[in-house]
Amino acid sequence: MAVLYAYQAFVPPPPPDPQKAAQQQSATPQASAAAPSTAAAAAPAVPSAPAPRTLVADTTERETVVETADVEAVLSNRGGRVLHWRLRHYLDAQGKPVDLVPSDLPPNQAAPFELSLQDPQLTTRVNQALYRTSAPARVDATNTSQTVAFEYEDATGVRVRKEFLFQPRDYLVSFSVTAVQGDRDLRPAIAWGPGLGDAGAAAGGGNFFTGNLVQPPQAIFHQDGKVVRLPSSKVTSGSAHEGELPFAGIDDHYFLAAAINAGKTRVDYGTLTVPGPDATQRQFLVPTFRFAKPTAVKFFVGPKQFDTLRRVDPELVRAINFGVFGWLSVPLLGVLTWLHSYIGNYGWSIIALTVLINLLMFPLRHKSVVSMRKMQAIQPQVKAIQERYANLSMTDPKKQAMNTEVMNLYRERGVNPAAGCIPMLLTFPVLIGLNAVFSQAIELRGADFALWIHDLSTHDPYYVTPLLMGATLFWQTKMTPSTADPTQQKMMLFMPVMMTGIFLHLASGLAIYYLVGNLWAVGQQYFTNWLIGPPTLAVARPPAERRVKKAGSGRTAAAESEK
């Protein structure tokens with residue numbers, strides 16, 4: 001385990017092969033075009049016949065800004081689509097609200113809530129048309145739900161109506177669409193376009209232990225009781241998934257866009273890679289939804305904030321990828337946010353959580369120290385027993401007699417050899433669970449503490465907390481009672497060095513947790529040492545006296561004489 005940790009911490013992932021990246025970029029549009037509905041939404045402009053006379057439309061392009069308590073959405077009457085979806089409570093690296101609609105895309109890419117039809121020319125017409133809307137330039141949906149509708153009709157019998165119902169809170173919008181030509185239902189699919197935003201699309205790389213793992217956009221859907229996540233590398237040409245999907249869409253490290261409980265759903269995924277700044281690449285997923293009945297389909301487009309997701313739909317919380325220790329990460333996050341509701345600072349909330357965890361561990365840690373002290377006290381007797389059997393080979397049956405005698409000595413002195421490991425075994429899952437919280441929970445994204453630590457989800461920029469953590473771990477290791485030989489004790493002192501190296505690039509919140517936990521353990525060690533007094537080493541008796549066994553008693557003569 002230690003070797004694995006060190007390898008993951010210090011060996012970075014290999015750089016991507018430029019030739020493979022170029023091949024992927026050139027192949028990506030083909031993969032997207034293979035999915036029928038995606039291709040229709042994002043296909044190059046198709047040569048079209050003269051535009052038919054419009055019956056219901058607008059003459060100028062206009063934008064409508066809808067403000068909810070959580071979102072500022074900008075809609076255009078050209079195609080009745082969404083141009084921006086800005087999250088009012090989350091800022092990007094430039095200090096601006098996070099926009100989940102990416103910028104600077106190729107002109108042939110769809111925008112959210114465009115339509116995809118079987119006829120490419122008709123698709124282009126309904127997505128480029130100027131729809132009529134009665135909505136004002138600004139719509140206030142901060143307190144009550146508001147509807148924004150777009151309508152289009154032309155002389156060929158094509159009629160399209162789109163309706164957005166914005167909820168005041170929780171990043172929700174319900175979308176309905178009807179598209180007919182005469183009496184024929186055009187059965188439109190809903191294109192989302194490339195997603196999800198700019199920050200996630202430019203991310204990627206790193207690993208779990210270096211602390212810079214950032215998940216780029218990926219496909220995500222709930223099917224047959226399981227949450228399926230598909231990175232872009234596993235999205236194949238014409239990748240489609242169909243069924244009763246409680247939710248389906250795309251997500252990145254912190255944000256999610258998904259249709260929720262829409263009944264029978266088919267979602268097609270494509271990929272798109274475009275150049276980014278400074279010779280980087282931006283990688284997007286391109287989903288297109290087809291619903292059995294596209295009426296009042298609920299979409300969640302927002303942060304993967306646990307309480308918000310739970311209010312929207314309890315199953316939606318599974319979109320947060322806490323990993324195999326999710327069963328522990330969820331309650332830890334719940335306690336942390338509860339503490340934050342009273343304290344108001346996540347750094348101090350982490351310290352309070354650490355104190356609570358160590359209070360629960362206090363009795364076990366006390367018993368562990370007492371047991372280790374007893375082990376240390378009888379170590380001369382254990383070594384004397386081992387020396388008597390030192391000349392025997394490991395396969396000699398008489399070796400079993402040595403083990404029996406040592407176990408009898410442990411039993412007589414009330415020593416449990418495994419007691420010293422129990423606190424470590426219990427705290428290790430907590431450490432892994434908290435690491436998942438700090439690396440995945442958006443609640444900690446950009447959470448300020450004090451002094452130089454302004455984001456508890458990223459590493460300490462000056463490495464002060466991991467170095468202090470390593471120093472306190474070394475202090476704790478030196479003062480913990482040990483029965484190991486000198487060589488093993490030196491190996492144990494390497495652990496603080498290794499852990500310091502790992503923590504250099506883990507979340508500063510995790511380093512604070514471990515640092516405070518170490519200080520607590522050192523303080524408890526001093527308290528226990530004062531309580532039980534200095535160790536008293538047992539003196540091994542002469543061999544002739546030691547080897548005498550009382551018939552049928554199973555007790556050593558030394559133990560009987562001490563009675």
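Strand 3 and strand 4 (residues 81–91) pair in the antiparallel sense, over six bridges. Strands here are DSSP runs of E with at least two residues, numbered from the N terminus. Two of them pair if DSSP finds at least two bridges between them.

The model is predicted: local features need pLDDT of at least 70, side-chain atom pairs count only at pLDDT 80 or more, and totals for chains, interfaces and linings use all residues. Residues are numbered from 1 along each chain as its sequence is written, and side-chain values use heavy atoms, with hydrogens and water left out.

Now turn to the other neighbour. Strand 2 (residues 63–68) runs antiparallel to strand 3, joined by five bridges. Threonine 64 has leucine 75 of strand 3 as its bridge partner.

Next comes the whole sheet. Strands of a sheet pair through backbone hydrogen bonds, either parallel or antiparallel. This one is open, has five strands in the order 5-4-3-2-7, and shows mixed pairing. Its edges are strand 5 (97–99) and strand 7 (138–141), each pairing on one side only. Neighbouring strands are turned by 20° against each other on average, direction ignored; the axes are lines fitted to C-alpha atoms.

Why is strand 3 (residues 71–76) largely enclosed by the rest of the structure? Five of its six residues are buried, meaning under 20% relative accessible area with a 1.4 Å probe, protein chains only.

Definitions and conventions: Buried < 20%, exposed > 50% of the residue type's maximum accessible area, 1.4 Å probe, protein only. Helix = DSSP H or I, 4+ residues; strand = E, 2+ residues; numbered from the N terminus. Axes fitted to C-alpha atoms, helices over the stretch in contact; angles between N-to-C directions.
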